[in-house]
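Thanks for coming. I will walk through one model this morning, starting with a loop and ending with the whole chain. Please have the viewer open.

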Amino acid sequence: QDQLVESGGGLVQAGGSLTLSCAASGRSAVMAWFRQAPGKEREFVANMRWHPGGPRYGGPDYADSVRGRFTISGDNTRITLQMNNLKPEDTAVYYCSASASPLIAPLMYSRGAYDYWGQGTQVTVSS
């Protein structure tokens with residue numbers, strides 16, 4: 001069973017930057033970031049996908065709300081999310097997730113498609 005450990009997050013002013021990191025105990029076919037704001041559903045933020053054996057393919061894929069401001073990077077055991085020009089509406093608990101099986105759209109945007117989840121890390125953006 002894969003374990004995901006997140007780090008990063010915190011409090012930042014609007015326009016600032018934060019970096020989140022996620023380390024997995026095993027290799028994954030897909031690793032992603034989701035977020036959940038108070039009173040809202042958990043939503044897709046970004047993901048990366050790899051063939052068995054390692055080569056990345058497709059994407060990275062981003063939610064429209066973060067494209068151009070957030071950058072996902074890494075390999076199939078560790079990913080980071082660089083978040084720039086943060087806005088108050090980015091405030092949420094951010095979760096790292098992983099799938100042992102390959103995923104394609106639209107399934108890869110769905111939280112139900114992912115097998116493993118981190119504990120979540122709080123990101124708060126003040127106005």
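Start at Pro106, in the loop between E9 and strand E10 (116–117). Strands (E, at least two residues) and helices (H or I, at least four) are DSSP runs, numbered from the N terminus. The peptide bond leading from Ala105 into Pro106 is cis, with omega near 0°.

Before going further, the conventions. This is a predicted model, in which local features need pLDDT of at least 70 and side-chain atom pairs count only at pLDDT 80 or more, while totals for chains, interfaces and linings use all residues. Residues are numbered from 1 along each chain as its sequence is written, and side-chain values use heavy atoms, with hydrogens and water left out.

Asn85 is not a glycine, yet its phi is positive, at about 50°. Most residues other than glycine have a negative phi, and most peptide bonds are trans. With a relative accessible area of 42%, Asn85 is partly exposed. On that scale, buried is under 20% relative accessible area, exposed is over 50%, and partly exposed is in between, using a 1.4 Å probe and protein chains only.

Next, the disulfide. The term here means a pair of cysteine sulfur atoms within 2.5 Å. Searching the whole structure gives one. The partners are Cys22 and Cys96, with their sulfur atoms 2.0 Å apart. This pair links distant parts of the chain: Cys22 sits in strand E3 (residues 18–24) and Cys96 in strand E9 (residues 92–99), 74 residues apart. Are the two cysteines buried or exposed? Cys22 has a relative accessible area of 0% and is buried; Cys96, also at 0%, counts as buried.

Two further residues, for their neighbours. Contact here means heavy atoms within 4.5 Å. Ser28 is in the loop between E3 and strand E4 (30–36). Its relative accessible area is 7%, so Ser28 is buried. Not counting residues up to four places away in sequence, Ser28 touches Asp2, Trp50, Asn76, Ala98 and Ser99.

Gln3 lies in the segment before strand E1 (4–8), and at 56% relative accessible area Gln3 is exposed. Leaving aside neighbours within four places in sequence, Gln3 is in contact with Ala23, Ala24 and Ser25. The C-alpha atoms of Gln3 and Ala98 are separated by 9.2 Å, although these residues are 95 apart along the chain.

Now the whole chain. How many helices and strands are there? The protein has zero helices and 11 strands. Its radius of gyration is 14 Å, close to the 14 Å that the globule rule gives for 127 residues, so the protein is as compact as a globular protein of that length. That radius is taken over C-alpha atoms, and the rule is 2.2 Å times the number of residues to the power 0.38. Along the principal axes, the C-alpha atoms fill a box of roughly 45 × 25 × 25 Å.

Of the 127 residues, 45% count as buried. Among contacts with a separation of 6 or more, 60% are between residues 24 or more positions apart.

That is the end of the tour.
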